[in-house]
Amino acid sequence: MTDINYKPMLNIYPDSMGGNIKKTTDFIEKYHLEETFSSIYILPSLYHSDLDRGFCVVDYELNEEMASREDLERLKRIGIDLKLDFVLNHASVMSPQFQDLVEKGEESKYKDFFIDWNKFWENCGEMTAEGYIQPDEEYIKDMFFRKPGLPILMVQFPDGREVPYWNTFYQKVWEEDGMRKYLGQMDLNIKSDMVWEFYENTLHMLAEYGAKIVRLDAFAYAPKEPGEKNFMNEPGTWELLEKVRTLADQKGLKLLPEIHASYGEGVYETIAKKGYMTYDFFLPGLIIDALENKSGEYLKKWAEELVEKKIHVVNMLGCHDGIPLLDLKGILPDERIQTLIDIIVKRGGYIKDLHGAKNMYYQVNATYYSALGENDKKLLLARAIQMFMPGKPQVWYLDFFCGKNDYEAVKRAGEGGHKEINRTNLTWEEMEDAMNQNVVKEQMKLLEFRYHNPAFSQNSTMKFEIDENKIKIRWNNGESTAELNADLEDYSFEYR
């Protein structure tokens, strides 16, 4: 297992803080934030991409408007390593591989780089008049699809033939100047040797950029077999991860598979048992629950489980997505989860359902500060608890600067733009103003305490105590100790 440090990590888009990574680094150096954050998670608009604010990757070369190689080298020089994204399941239709397929059709060397729908379903269904196989019901009755209908993009070859390719996520098709145009995310064929060559080359590139952790996005959709559920297929998912880990180990990279599932399903534990880091998607909701109910009962249970089972996590308050609350099913009572959702929505948050099905999964979109009622004391206590919970703390830049819900950004984004409520790009002036606020200064002190105190490590011991509405968390590592005493009634705390 590749070692990582457990010091705090800043989480940004490359244009979140001042417009690009150079400006971000200027700001870090001016305020000595390299003594506050040892790592930065830069979201994938760092690369050439065209949709989903980075998660539809054209190629993994740097978007020069956002960052240069020298910018990333500068971060290395001041002691900051990176966490970067790798999207295993798909690539943009504007990727060189897909563009070669559109241009050359059957003659393209990349025709099996993506998943030919009809080849995949051969002998498993009936050919339709539209030119794609409709799989027999027995094969697809249990399959999970991200959108209505079959996940197909009809690709027009140069000879005029229409060939269906697998397309799990977004697509748009239109005619322009007599030519068919596409936007979308095309699934990669993990049975192709060329895809594995692409995987290896990409991991090499990310390591060169300075990555120590690689977040695997959409990995659970990549393994596909007729009749399987099409999400977290077993054993295919674990075989895929193991092959990717072999490549990552050669580059000194630690993998962080990203997946949302309820606590009750136990996916987080399965991933941990396989030797991977996992996201602590339970902590954001558990902290809000503790603050609103003035009880540390469920936080204590979760912290002790992480330590007892040696589950290594990246934890957070906010992030570029929403606040995950249905992930808590199984650790919090359903009515308590619903109460949290209602509270955050009342404070201006938005709900996004998946296919309109609340019983499947949704997030509440809000800044964490607004979710807490824009209460400085609550935010500081939430940050203090995060610093004393197991794992590597990840800090969304907008939480650090106490960002409020951005309703204008949601309006500008239009339909489906709910996530923009928590993605405001900050100017240099806005950041400088925030640095003068006491709530930001106190967060910095907490982060610096966590950064420099050797009591926090994966080899430390933790004791979590509750006394009515008070909590005490104590870490020991040899002669090094760290202790938090907090009152959930009035949100006061002290640490040493």
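A residue counts as buried when its relative accessible area is under 20%. Ala 218, at 11% relative accessibility, therefore counts as buried in this structure. The structure is a predicted model.

**Nonpolar cores**

- The largest nonpolar core contains 156 residues, and Phe 86, Tyr 199 and Phe 400 have the most contacts inside it.
- Residues up to four places away in sequence being left out, Phe 86 touches a set of residues that includes Tyr 60, Phe 198, Tyr 199, Thr 202 and Leu 203.
- Also among the residues touched by Phe 86 are Leu 206, Val 214, Arg 215, Leu 216 and Asp 217.
- There is also a second, separate core, which has 12 residues, among them Trp 117, Ile 133, Ile 140 and Phe 145.

**A buried loop residue, Leu 426**

- Leu 426 belongs to the loop that runs between helix H15 (407–413) and helix H16 (428–435).
- Is Leu 426 buried or exposed? Its relative accessible area is 13%, so Leu 426 is buried.
- With neighbours within four places in sequence set aside, Leu 426 is in contact with Ser 16, Met 17, Gly 18, Tyr 397, Leu 398, Phe 401 and Met 431.
- Between Leu 426 and Leu 43 there are 383 residues of separation in sequence, and their C-alpha atoms are 16 Å apart in space.

**Cysteines**

- How many disulfides does a search of the whole structure find? The search finds zero.
- Cys 319 takes part in no disulfide, and the nearest cysteine sulfur, which belongs to Cys 402, is 17 Å away.

**Cavities**

- The whole structure holds three cavities of 30 Å³ or more.
- Of the 13 residues that line the largest cavity, Ile 259, Tyr 268, Tyr 279, Phe 281 and Phe 282 lie nearest its centre.
- Helix H8 (267–273) and strand S15 (278–280) are the elements that give two or more residues to the lining of the largest cavity.
- The lining of the largest cavity is made up of eight nonpolar, three polar and two charged residues.
- The second largest cavity holds about 70 Å³ of space.
- The second largest cavity is lined by 13 residues, and those closest to its centre are Arg 215, Tyr 279, Phe 281, Cys 319 and His 320.
- Five nonpolar, five polar and three charged residues form the lining of the second largest cavity.

**The second largest pocket**

- The volume of the second largest pocket is about 480 Å³.
- This pocket is lined by 24 residues, and Asn 189, Ile 190, Lys 191, Lys 224 and Glu 225 are the closest to its centre.
- Two or more lining residues come from each of helix H4 (117–120) and helix H7 (236–250).
- Which element contributes the largest share of the lining of the second largest pocket? Helix H7 does, with four residues.
- Sorted by class, the lining of the second largest pocket comprises 11 nonpolar, three polar and 10 charged residues.

**Backbone geometry**

- Glu 234 and Pro 235 are joined by a cis peptide bond, with omega about 5 degrees.
- Pro 235 sits in the loop between strand S13 (211–217) and H7.
- Ala 218 is also placed in the loop between S13 and H7.
- Although Ala 218 is not a glycine, its phi is positive, at about 60 degrees.
- Asn 123 is another residue other than glycine with a positive phi, in this case near 70 degrees.
- Asn 123 lies in the loop between H4 and strand S7 (125–127).
- Asn 123 has a relative accessible area of 71% and is therefore exposed, whereas Ala 218, at 11%, counts as buried.

Key:
Residues are numbered from 1 along each chain as its sequence is written. This is a predicted model: local features need pLDDT of at least 70, side-chain atom pairs count only at pLDDT 80 or more; totals for chains, interfaces and linings use all residues. Side-chain values use heavy atoms; hydrogens and water are left out. On a 1 Å grid over the protein atoms alone, a cavity is a set of points where a 1.4 Å probe fits but cannot get out, and a pocket is an open set with protein on both sides within 12 Å along at least five of seven lines; lining residues have an atom within 4 Å of a point. Grid points are joined across faces, edges and corners, and a volume is the space filled by probe spheres set on the points. Ala, Val, Leu, Ile, Met, Phe, Trp, Tyr, Cys and Pro count as nonpolar, Asp, Glu, Lys and Arg as charged, and the others, Gly among them, as polar. A nonpolar core is a set of buried Ala, Val, Leu, Ile, Met, Phe, Trp, Tyr and Cys residues joined through side-chain atoms within 4.5 Å. Buried means under 20% relative accessible area, exposed over 50%, partly exposed in between (1.4 Å probe, protein chains only). Contact means heavy atoms within 4.5 Å. A disulfide is a pair of cysteine sulfur atoms within 2.5 Å.
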